[in-house]
Amino acid sequence: ILYPGQATVQMILVIVAVVSVPCMLFPKPFLLRAEHKNGYAQIDIDDNTESGPAQIDGLGVAHEAHGEFDFSDCMIHQSIHVIEFVLGSVSNTASYLRLWALSLAHGGLSEVFWERVMIAALELDAAPWIQAVAVFIAFGIWAALTFGVLMVMETLSACLHDIRLHWVEFQNKFYAGDGKPFQPLSFKTVMYEHINGSAD
């Protein structure tokens, strides 16, 4: 437990997360249903204004025709978005939990290195000059192990998670792939296009 009342705070956060799911799912479809209770107004392609073909009722009053509003289709689309958001939230939370587990592993390794190398040299029962040499050598071993294992692992972990966040999460949400394909610079191609353009 990190602080007093941690269990209560965690329970409140879980309840808020669960309650937020129906709050994301239901309001938008019902609000759209209330807004378009008479259907969608047809849009004129030429001037992008909402105008429907006039229909004359029994009283001689002209009304605009409206398209039919499909509540079930709107509900299905909203459900898909909510499911995608919830799964993404769980995935992101799991990603940060993995970082937390790696930090615990690194902390455990650093503690093992300190106890098995430095503490063993400091508690060595020998002459003072022998203990001084042992501490000097142990410090070098401890520093090399700490840098070679912990720092390299931490750098590799940060690099891999950065690549994962960029390619899996960022690209999955925003990448469309509708740009121009990469073409390396070729003077032969440039000259060919220039000659053909001049000939035309």
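Val21, Met24 and Leu25 of helix 1 are in contact with Met75, Gln78, Ser79, Val82, Phe85 and Val86 of helix 3. By class, the residues of this contact are seven nonpolar, two polar and no charged. The model is a predicted one.

**Packing of helix 1 and helix 3**
- Helix 1 covers residues 6-25, and its axis lies 9 Å from that of helix 3, at an angle of about 150°.
- Because an angle over 145 degrees counts as roughly antiparallel, helix 1 is described as roughly antiparallel to helix 3.
- The crossing of helix 1 and helix 3 is right-handed.

**Ile80**
- Ile80 belongs to helix 3, which spans residues 71-122.
- The relative accessibility of Ile80 is 48%, so this residue counts as partly exposed; the cut-off for exposed is over 50%.
- Between the C-alpha atoms of Ile80 and Leu25 the distance is 9.4 Å, while 55 residues separate the two along the chain.

**Whole protein**
- The protein contains five helices and four strands.
- Along the sequence these elements follow the order α-α-β-β-β-β-α-α-α.
- Of the 200 residues in the protein, 12% are buried.
- Among contacts with a separation of 6 or more, 61% are between residues 24 or more positions apart.

Technical notes:
Residues are numbered from 1 along each chain as its sequence is written. This is a predicted model: local features need pLDDT of at least 70, side-chain atom pairs count only at pLDDT 80 or more; totals for chains, interfaces and linings use all residues. Side-chain values use heavy atoms; hydrogens and water are left out. Helices (H or I, at least four residues) and strands (E, at least two) are DSSP runs, numbered from the N terminus. Buried means under 20% relative accessible area, exposed over 50%, partly exposed in between (1.4 Å probe, protein chains only). Axes are lines fitted to C-alpha atoms, for helices over the stretch in contact, and angles run from 0 to 180 degrees between N-to-C directions. Angles under 35 degrees count as roughly parallel, over 145 as roughly antiparallel, 65 to 115 as roughly perpendicular and the rest as oblique. A crossing is left-handed if the near helix is turned anticlockwise from the far one by less than a right angle, and right-handed if clockwise. Contact means heavy atoms within 4.5 Å. Ala, Val, Leu, Ile, Met, Phe, Trp, Tyr, Cys and Pro count as nonpolar, Asp, Glu, Lys and Arg as charged, and the others, Gly among them, as polar.
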